[in-house]
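User: Could you walk me through this model? I'd like to start with what counts as a contact, and then go from one loop to the whole fold.

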Amino acid sequence: MPDLFSPFTLKGVTLRNRIVMSPMTMYRSVDGKMSDFHVMLMGSRAAGGFGLVFPEQIAITPDGRTSTGCAGIYDDAQMEGLTRVTTIIKDMGAVAAIQLGHTGRKGSEKKPWHGKTQLPPDDPDGWQVRAPSPLIYGGRYTYPVQELSVAEIHDIHRAYAAAAKRALDCGFEWLEMHFAHGYLGASFFSPLANQRSDQYGGSLDNRLRFHREALDAVRAVWPERLPLTMRLAADDFNAAGIQFDDAVWAIGAMRQHGLDFADISLGMNTDAMKDVPFNQVAFMVDRAARVRREVQIPVGVSWNLGIPQVADRVIREQLIDLVFLGRPALANPHWPVWAARELGQNDPFALVPEDWAWWIRSRPGPEGSLGWPPVAR
Ligand SMILES: Cc1cc2nc3c(=O)[nH]c(=O)nc-3n(C[C@H](O)[C@H](O)[C@H](O)COP(=O)(O)O)c2cc1C
């Protein structure tokens, strides 16, 4: 029976454990480039024992970013920073994952700590947002949305392929398409955001065409030996939006298009969500477990899995295959070491680089002097 610290192999890639640093947008890029900050952030989490480490959502086009402070992979000049990030992740014993994204009608934002509202197209830090249909999201997203033409959709698929090719050259070994959280892929899938009458809208099959074509474009350049995965908008929590049954069907359909793993998340195509248990522990796990059972595809999930005993249990019960940690990974770079201690693993410091581990193991000092509190029992 696997536990949180069992290795996990998918295609030709083996993770040392089941703990993933979930993608988190940091708004610290300039011209879409990653820098020392990102090397520090990802390097410290890899050194802290995470098995798979994602930087933030990385945009495939300039207008696919959340803000002008967000990272991209649409220009060769962005490859140096990304390669520095993959190099440190690998040096510290983890696998480097990339989340490719396009924010669609939720782009052109201010940084959260500057107000997180949308900027108009004529602002120096704003742009014209594009999406399947000219529907303004509402709430803090207030500016007109331009409907994508079919030719522009094809351009976006070509941009996904170009981004995947660059990602491979930068040393990433796990690729996730970000089709959740109200961004472009999510809005094609949701009847709340997609009201097209052509082959990309209407029926469920048509609303999944954007995804299938994106997968086909990426799979053509992304080697078979490396996992091709997706974070899917699986539920809008709104009667007029994506229903979870549709997502289960969609994941099955995308398996035929090279999908190797599903990361189940929220639709977020509207603020009008009903009964989302945002503060409930592990609230997306049952949904992911159903996908795993019915579609027979490995799955991962985030949302409130930061309690070690819970994270371990959902792996042991084989409900999910990987635990994605967002806020816990920000709060504690050594979350895996902490969890290993709490769960009574033999040698928690085996998770840190071996030179640190040697010193910590062989010179532990007086009881309690290492900087770790006693294990909670
Ligand atoms: C600061 C921050 C930035 C985030 N940025 C992204 C992102 O770029 N892509 C994404 O798919 N999810 C993003 N998320 C969501 C997380 O990846 C994760 O799914 C969510 O926080 C739930 O997991 P948690 O309960 O462990 O925090 C972000 C979350 C936070 C806190």
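Analyst: Two residues are in contact if their C-beta atoms, placed from the backbone, lie within 7 Å. Keep in mind throughout that this is a predicted model.

User: OK, with that in hand, what does T117 touch, leaving out residues up to four places away in sequence?

Analyst: Leaving those out, T117 touches K110 and R140. T117 sits in the loop between β6 (95-101) and β7 (129-131), and T142, which is 25 residues from T117 in sequence, is 8.4 Å from T117 in space, C-alpha to C-alpha.

User: Is T117 buried, exposed or partly exposed?

Analyst: T117 is partly exposed, because 13 other C-beta atoms lie within 10 Å, and a residue counts as exposed at 12 or fewer and as buried at 20 or more.

User: And D75, where is that?

Analyst: D75 belongs to the loop between β5 (57-59) and α2 (79-91). With 12 other C-beta atoms within 10 Å, D75 is exposed. R65, 10 residues from D75 in sequence, is 13 Å from D75 in space, C-alpha to C-alpha.

User: Switching to the fold as a whole, how many helices and strands are there?

Analyst: The chain has 12 helices and 13 strands. Its radius of gyration is 20 Å, close to the 21 Å that the globule rule gives for 377 residues, so the chain is as compact as a globular protein of that length. Taken along the principal axes, its C-alpha atoms fill a box of roughly 70 × 45 × 40 Å. Among contacts between residues at least 6 apart in sequence, 71% join residues at least 24 apart.

User: How much of the chain is buried, and which residues touch the most other members of the largest nonpolar core?

Analyst: Of the 377 residues, 50% count as buried. The largest nonpolar core has 107 residues, and those touching the most other members are V53, Y160, L175, V218, L232, A233 and V323. Helix α3 (residues 150-170) gives the most to this core, with 8 residues. If we take L175 and set aside residues up to four places away in sequence, its contacts include I98, L100, A164, A167, V218 and W222.

User: What about α9, which of its residues are buried?

Analyst: In α9 (residues 308-316), the buried residues are P308, A311, D312, V314 and I315. Seen down the axis of α9, these fall within an arc of 165°, so they line one face of the helix. Their cover includes α8 (285-295), β13 (322-325) and α11 (335-342).

User: Last topic, the ligand: which residues come nearest?

Analyst: There are 20 residues around the ligand, and S22, Q57, S302, G326 and R327 come nearest. By class, this shell has 6 nonpolar, 11 polar and 3 charged residues.

Conventions. Residues numbered from 1 in each chain as written. Predicted model: local features only at pLDDT ≥ 70, side-chain atom pairs only at ≥ 80, totals over all residues. Near = placed C-beta within 6 Å. Nonpolar A, V, L, I, M, F, W, Y, C, P; charged D, E, K, R; others polar. Helix = DSSP H or I, 4+ residues; strand = E, 2+ residues; numbered from the N terminus. Rg over C-alpha atoms; globule rule 2.2 N^0.38 Å. Arc of directions from axis to C-beta. Core = buried A, V, L, I, M, F, W, Y, C linked by C-beta atoms within 7 Å.
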